[in-house]
Amino acid sequence: MPVKTTLSTKASSINRALDEIGDKWCLLILQEVFWGINTFNEMLAGTGASRGVLSNRLSWLESMGYLRKDIIAKGQKRPTYHMTKKSIELYRNGLMAMVWERKYFTTPDLDSVELIHDRCGKAFWPMMECSHCNQSVLSTDVSFHKGPGAKNDTRITKTRRRSSNLSASEDRGKTLYNNLINLLGDRWTANIIALAFHGFNRFDDFHTELPVATNILADRLKLLVNEGIFYQQPYQVSPLRYDYHLTDKGRDLFPYFVTLMAWGDKWCTTEDGNPILLKHISCGADLNAEVRCDQCGEGLIATEVHFKR
Ligand SMILES: [Zn+2]
Ligand SMILES: [Zn+2]
């Protein structure tokens, strides 16, 4: 029997979203579906999951409304899985993941893939802009404020999902942002980075905000330093203590978290409203970040984008 624990943490749409999909396998499956892969066997090959794990996560994603399973048609051995409105809207987050991945990792096979925006017919690159002033959104130009839903979330969590790190040597041809998933497919790691964007940078602060064991927290912070997401800076000499700051590579994850938060505000909401409000400092408006085509400037929708090799 899984151990049930009750947690009370500050309400956060990112945290709520990660409760549902902050698992390596779920993220990998969604990545496959975004790419247009929709059969069990193709996902098996693409994700590297075992049959049992894949079935388990597909059922989970289906029950949570991320995937729609198509009834088996004549002559079709296995069902197909398709995006729903909920996962279609998460696609923007997937695009931001891809932008980060391409900036920091070179995958020749992948780098040759073009994204085509069907609406304008052009090869494009996604960009995140403020819908009010149409300027690109920098992490240093956004402030955080308490929203009406800035309360505590109490929830029952089960330690039911464990996932090992993906082996870097495993070759999966059709993956768009495996390195990002490898990093953020662990809930604690993702939550620590999200807190860093809120200005938290000390071990004790992270520990106060997250119901995580100290050894796990120490391990994740070390990982984030090794991966070049955080750098350490001494803030006390005796005894020597360090705090953690986002590097450029870490800061560049901002669009990923902003789109995840906006999505969580819509799909993982409660009647209290949004826990956190963002403001675009340079224009003064509440931030509504849109993911747009750099060719025509239109907002990108999953069903209007395809990949060309
Ligand atoms: Zn603006
Ligand atoms: Zn376009």
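Modeller: Thr-9 counts as partly exposed, because 14 C-beta neighbours lie inside 10 Å. The scale runs like this: a residue is buried if 20 or more other C-beta atoms lie within 10 Å of its own, exposed if 12 or fewer, and partly exposed in between, with C-beta atoms placed from the backbone. This is a predicted model, so local features need pLDDT of at least 70, side-chain atom pairs count only at pLDDT 80 or more, and totals for chains, interfaces and linings use all residues. Residues are numbered from 1 along each chain as its sequence is written, while chains are lettered from A and ligands numbered from 1 in the order in which they are written.

Thr-9 sits in strand β1, residues 4-10. Strands are DSSP runs of E, at least two residues; helices are runs of H or I, at least four; both are numbered from the N terminus. Leave aside residues up to four places away in sequence, and Thr-9 touches Asn-15, Asn-152, Asp-153 and Pro-211. Contact here means C-beta atoms, placed from the backbone, within 7 Å. Glu-209 is 200 residues away from Thr-9 in sequence, yet their C-alpha atoms are 6.7 Å apart in space.

Of the contacts with a separation of 6 or more, 71% link residues 24 or more positions apart. The protein has 12 helices and 13 strands. Buried residues make up 34% of its 309 residues.

Lys-146 gives another such pair. Its place is in strand β7, residues 142-146. With 13 other C-beta atoms within 10 Å, Lys-146 is partly exposed. Asn-274 is 128 residues from Lys-146 along the chain, and their C-alpha atoms are separated by 8.5 Å.

Now the helices. Helix α1 (residues 13-21) crosses helix α12 (residues 254-267) at roughly 85°, and their axes come within 8 Å. Axes are lines fitted to C-alpha atoms, for helices over the stretch in contact, and angles run from 0 to 180 degrees between N-to-C directions. That makes α1 roughly perpendicular to α12, a label for angles of 65 to 115 degrees; under 35 is roughly parallel, over 145 roughly antiparallel, and the rest oblique. Ser-13, Ile-14, Arg-16 and Ala-17 make the contact from α1; Phe-257, Leu-260, Met-261, Trp-263, Gly-264 and Asp-265 make it from α12.

How enclosed is α12? It is largely enclosed by the rest of the structure, because 12 of its 14 residues are buried. Among them are Phe-254, Tyr-256, Val-258 and Trp-263. The buried residues of α12 pack against α1, α5, β6 (126-130), α8 (187-197), α11 (248-251) and β12 (289-293). At 1.5 Å a residue, the 14 residues of α12 should span 20 Å, and the end C-alpha atoms are 20 Å apart, which agrees. The expected span is 1.5 Å times one less than the number of residues.

Helix α5, residues 85-104, should span 28 Å with its 20 residues; its end C-alpha atoms are 30 Å apart, which agrees. A kink of about 30° is centred on Tyr-91. The bend at a residue is the angle between axes fitted to the seven residues ending there and the seven starting there. Tyr-91 is buried, as are Leu-95 and Trp-100 of α5.

Next, the strands. Three of them form an open, antiparallel sheet in the order β5-β4-β13. β5 (122-124) and β13 (305-308) stand at the edges with a single partner strand each, so one side of each has no neighbour in the sheet. The twist averages 45° from one strand to the next. β4 (residues 114-117) pairs with β13 over 4 bridges; strands pair if DSSP finds at least two bridges between them. Leu-115 stands opposite Phe-307 in β13.

β9 (residues 230-236) and β10 (residues 241-246) run antiparallel, joined by 6 bridges. They form a hairpin with 4 residues between them. Pro-234 stands opposite Tyr-242 in β10. Pro-239 lies in the loop between β9 and β10, and a cis peptide bond joins Ser-238 to Pro-239, with omega about -5°. Most peptide bonds are trans, and most residues other than glycine have a negative phi. Asn-134 has a positive phi, near 60°. Asn-134 lies in the loop between β6 and β7 and counts as exposed, with 11 C-beta neighbours inside 10 Å.

Notes:
Two residues are in contact if their C-beta atoms, placed from the backbone, lie within 7 Å.
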